[in-house]
Amino acid sequence: MRLNKGSMIKSIYLGGGTPSILPVEDLEKIVDTIYKSANLEESLEFTIEVNPGTINMDKLRFYRNLGINRISIGVQSLVDEELRTLGRIHSSKEALDALDISVKVGFENISVDLIYGIPNQTIESWGKTLESVLKRGLTHISIYGLIYEPGTPLYKFLNRGMVNPMPESLELEIFNITQEVLDRYGFFWYEISNYAKDGYECRHNLTYWKGEDYLGFGPSAHSLIGNVRNSNTPNIKAYVELVNRGKSPKIWEDRLSPFEKAKELVILGLRLREGVSISEVYMKTGIDIGKIFSQNIEKLVFQQLIYRQDDRIALTDKGRLLGNLVFGEFL
Amino acid sequence: MKLSNIRNFSIIAHIDHGKSTLADRFLEKTNSMPKKKIAEEQVLDQMDLERERGITIKSHPVRMYYVLGDEEYELHLIDTPGHVDFSYEVSRSLAACEGAILVVDATQGIEAQTLANYNLALENGLTLIPVINKIDLPGAEVERVKRQLIDSLGFLEEEILLVSAKEGIGIDHLLRAIIDRIPSPKGDLNKSLEALIFDAYFDLYRGVVVYTRIFNGIVRKGMNIKMMSTGAVYEVDEVGYFSFGLHPTESLMAGEVGYIIANIKNIKDAQVGDTITDANSPVEKPLPGFKRIKPMVYCGLFPQEPNQYEDLRESLEKLQLNDPALVFEPENSEALGPGFRCGFLGTLHMEIVEERLEREYGVKLVATAPNVVYRVHTKDGNILEINNPSQFPNYGLIEKVEEPYVKVSIISPSDFIGPIMELCLGKRGTLIEMNYIDPMKVVFIYELPLSEVIFDFFDKLKSVTRGYASLDYEPIGFKESDLVRLEILVKGETVDALSIIVHRDEAERRGREIVKKLRTLIPRQLFEIPLQAAVNGKIIARENIPPLKKNVLQKCYGGDVTRKKKLLEKQKEGKKRLKQIGQVEVPQEAFLAILKSE
């Protein structure tokens, strides 16, 4: 894949899966290749996703020396029983260690992933997890409600009655408490599941939600350039062979019409607290969402799921938890 | 053909006892059709639906020629419908015959429809030839079935023929028995025309093709005929017989079975059971047994998409051209919008119509739960026939209510006597009789409200007898019952399409069941939805659907976008199948939820 001459790269993200298990020499090759072939912005955001138990002090120092300036740690929970339920291989101690050494090595931009709604999780156990990570000096946190996804072991256990799903009322209570705690620590929500201290919103993920261009490398990686979306083969062997023979590993491509692109901009943009600007969508695609979906927008405003401000529409607090009802109106 | 060389007969049997295969063998033995066609099996069941369900819906007469000794015989086989919904049509087909072959499966023995058909044949004075079929199967219990035929139906051992229609065993004997035992038709060519209509269908180009059996006289082209029930007169255009298509002949004579085409535009003018006579010298009275077809079961049919209303009307009209038993009138439901209240002979007939509308005419339907016709005597002395629960008068106006009852016969292995009696009791049944067909098999005669039988009786019967019981029934008229209208309220509004008529003692249990079921079927919405069941304005059951609080894709990043969009699209597809009732979106299944109890 080639970059257009003159394109500036504002973010690099090593992630999806566990890149921290990659030997540092291999990682160095990848990073060198990127540096050689791309124009990087001065304020580049360079993230690596790591899983507790796969890193140590030396590795993290090496990452910093490579220019990586943001670390995203898949903590999920700090209760061992909950981690086992989720099928995670690390312990709560390893998770805390990962966080501590990241700070020690000097990472100033640290993000943590947490999950709530785990079977048998309580308000107390969640509070402990949340406060323990926040106390260690994060800049960013992603918090997801547990989803029982078809095909996963947890989904199977649920269907066999082997796990007790958290009652919805408790899940909502935890969600509300979480907002208060985060507020106290100076975090604000900027995307449905993401919170940051002022100025630390993940620049990388914002490109997805704003429908901006990105290039993906590696098996299964997706890219979006303008209105063309494509993905690489998920088969690692095939991927290696294709690339070695100088062929494209792309196996799928989708060209979005202006209307499709516009709808996507709305659905993704509405995930953000700032919502989406109707005039920006119009400038990018020539489609007037405000006109085409005027009835849908009226209805959603009436249902108090979104609100209008100037030319923007954005989720209300209620709408943030019922996003699918909102997105569904723009399909 | 002289009368003494004609035989008119039917094959009667319980479902799957091998009636159609036997008919195929006859066609083969008499060289009535090319071999290739027989290979396709069961050529007489012509409609796709008939083949799929393994049942016959229409009558299929066929003429065969068979040589025995020095004589050639003309055999008319009238294949009859094989379901209780069509028992009137069966009885008229049987009335067109002098004899019938009673087929019993050697592995199953006598079943409920064996008995019902046997009784119909006797009522029509037919000569019966008992046949035990499938004698080649490993599970065949020939001796046991023989004893059943002798002990329960009064046949003599030497009358019983052993056959395997599939393997072609015993077919020649059977054909000989038809000629030897079934009387030739009697009739007088010189008398006035007297012919029975036993079926009819509508041909787009030729109008109604009437299936008829001539009892006296003769019918030929150009003659003026009169339908005795309506008095309508038609000029005969063509007569002939059936043998895989229509074969025109000069005339049809007393004793023969064939068809008449007389430029009849509406199938309702050729009613099954009616008598055709010579318009110029009519007979004095019609043949016995004529009944006007009356629907037994009603339901509302509504288009899923309101813009398919006209399509639905046209489709129903087209179906009605060939199905005089189907009736319909426009119905406007507050909940489901414009549609039709349709009447059927029974639930099978209803299912067939629904399936044909969807399959052949491409109309997507919302069907309400079926109900019977109620006779309401009001305090001011009127008698109302109610075929729609939402039109049931208010409690205060009702003097008494009557509902149709049926005589049900159930045949089952004797192991299940207890569960069957319990089931029938729960369905408000009265035991009339219980007899042993043999030490292992019992026949029950019950009187039950038809509404209970069409509700989920058959499924329940199958389940308590592990599929071994068989069932047949016939209407026996109306009886007084303590019936009330059970109303269902969704968010405070009565949903007319969800109302049902139930016995007062059952109202609370059914009400509770229905709201419970609806609670699982109606998706949560932005507000709380109370579900209530009420009788005479009094709430007897209540459930709440709590408001939807959380429904959001938690994660959505670069690689996910396409997959997540598909997920959202799937959610949206699901929403499309919802009907808006007031503020509440209700799925189609909800309207059928009241069909089955737990």
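In this predicted model, A:Val50 sits opposite A:Ile73, a residue of strand β3 in chain A. Strand β2 of chain A (residues 39-50) and strand β3 of chain A (residues 70-76) run parallel and are joined by four bridges. In general, the strands of a sheet pair through backbone hydrogen bonds, in either a parallel or an antiparallel way.

Stepping back, these two strands belong to an open sheet of seven strands in chain A, arranged in the order β1-β2-β3-β4-β5-β7-β6 with mixed pairing. At the edges stand β1 (8-14) and β6 (188-191) of chain A; each has a single partner strand, so one side of each is left without a neighbour in the sheet. From one strand to the next, the twist averages 25 degrees.

Now for chain A as a whole. It contains 15 helices and 13 strands. Its radius of gyration is 21 Å, close to the 20 Å that the globule rule gives for 331 residues, so chain A is as compact as a globular protein of that length. The C-alpha atoms of chain A fill a box of roughly 55 × 55 × 40 Å along the principal axes. Of the 331 residues in chain A, 36% are buried.

The domain assignment divides chain A into domain 1 (8-207), domain 2 (216-255) and domain 3 (276-330). Between the C-alpha centres of domain 2 and domain 3 of chain A lie 33 Å. For chain B, the assignment lists domains including domain 2 (194-278) and domain 4 (375-481), and the C-alpha centres of these two domains of chain B are 38 Å apart.

Methods:
Residues are numbered from 1 along each chain as its sequence is written. Chains are lettered from A and ligands numbered from 1 in the order in which they are written. This is a predicted model: local features need pLDDT of at least 70, side-chain atom pairs count only at pLDDT 80 or more; totals for chains, interfaces and linings use all residues. Two strands pair if DSSP finds at least two bridges between them. Axes are lines fitted to C-alpha atoms, for helices over the stretch in contact, and angles run from 0 to 180 degrees between N-to-C directions. Domain bounds come from an automatic or database domain assignment. The radius of gyration is taken over C-alpha atoms; the globule rule is 2.2 Å times the number of residues to the power 0.38. A residue is buried if 20 or more other C-beta atoms lie within 10 Å of its own, exposed if 12 or fewer, and partly exposed in between; C-beta atoms are placed from the backbone.
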